[in-house]
Amino acid sequence: MRDADGAVDTAAGVRPALAELIALRASATRQGAALRAHTGLRQQAPSPLRGQGMEYAESREYVAGDDARHIDWRVTARTGRPHTKAFQTERERLTLLVADTAPTLYVGSRVRFKSVQAARAAAVAAWAAVADGDRIAALRGTHDEAPVPPASGSRGALRVLHALARWYAAPPAGDAGLAVALDHAGRLLRPGARLLVLADAASIATVPAQRWPALAAHNQVLVVLLTDPLEQAPPHARLRLATASGRVELDLRDGAQHARWQAAFAEPIARAQATLRAARVRCVLLSSEMPSDVWLPVFGRPKAA
């Protein structure tokens, strides 16, 4: 990749820049406007209240007019007087971004690294959440770093974008894997939240299969699988690849070498898709050379029955 003067720009497409993540706000806004126009939704101002929430607040004595479905039978039996459960009013939905930071993401053959595409896609989601009036939070699989706490508006988005630019600049120390990240996510999510998981296909195999339907039972879940064109369609040719330990040459004209490549890269993508399909979790592939916002209409679509 070269800059305007023709010099090779080693950072372009290799590390996400905060400025480019901020600039993606325009893309997320255009996509949202186009989706609303296509579906014919009326442009009404959103209410600051989303109705009664599902988060338990307290139990209090029952009074005439309370919903009998919310009677707290345990407290009623213990005190001998009818009590009802009170719930917190849900004011803002939570959009939670889970960033896979596996070392296999920090590679690429065209336009940008998969890690940079992950940061860009997450930035689009953050700005779309702002437009929807959501609170935004983000986390990665680590035992050493706290999640980016939920916050609304541009302030919430910028906190997330700063974290994404840092996480995806280089493989962070202390990566504990996607399964740990989803454990953390399960503790943050509340019914009705949106969960976006940005992951390498190989990371999906590290997550217990039962975790996915548990997450999707009360939340809108979308997994974006980051891919590279070379992974999915390797040429039958001799490749010279640059790695951290030096240059490697692979002759993919050889049938055995080509089969090993398919087993290492193409097959994990197919297995990840099958796993998520079986769990009824929506999944899209996002290749590194594609526009970073092409998946966004799927994120705004209601969960299929």
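Predicted model: local features only at pLDDT ≥ 70, side-chain atom pairs only at ≥ 80, totals over all residues.

**Surface and overall make-up.** Residues are numbered from 1 along each chain as its sequence is written, and side-chain values use heavy atoms, with hydrogens and water left out.

I then looked up burial, and found that 42% of the 305 residues count as buried (under 20% relative accessible area, with exposed over 50% and partly exposed in between, 1.4 Å probe, protein chains only). The protein has eleven helices and ten strands (DSSP runs, H or I of at least four residues for helices and E of at least two for strands, numbered from the N terminus).

**Helix H5.** I checked the length of H5, residues 153–167: its 15 residues at 1.5 Å each should span 21 Å, and the end C-alpha atoms are 22 Å apart, which agrees (the expected span is 1.5 Å times one less than the number of residues). Its buried residues include Val-160, Leu-161, Leu-164 and Trp-167, and the buried residues of H5 pack against H1, S3, H4, S4 and S5.

**The cores.** I next turned to the largest nonpolar core, which has 41 residues, Leu-164, Leu-196, Val-224 and Trp-295 being those with the most contacts inside it (a core is a set of buried Ala, Val, Leu, Ile, Met, Phe, Trp, Tyr and Cys residues joined through side-chain atoms within 4.5 Å). H4 gives the most to this core, with twelve residues. Leaving aside neighbours within four places in sequence, Val-224 is in contact with residues including Leu-196, Val-284, Leu-286 and Trp-295 (contact means heavy atoms within 4.5 Å).

**His-184.** Lastly I looked up His-184, which sits in helix H6, residues 178–188, and counts as buried because its relative accessibility is 17%. A polar atom of its side chain lies 2.9 Å from the backbone oxygen of Thr-142, and a polar contact of 2.7 Å joins the side chains of His-184 and Arg-187 (a pair of N or O atoms within 3.5 Å, one able to donate a hydrogen and the other to accept it within protein, residues adjacent in sequence counting only if both atoms are side-chain atoms).
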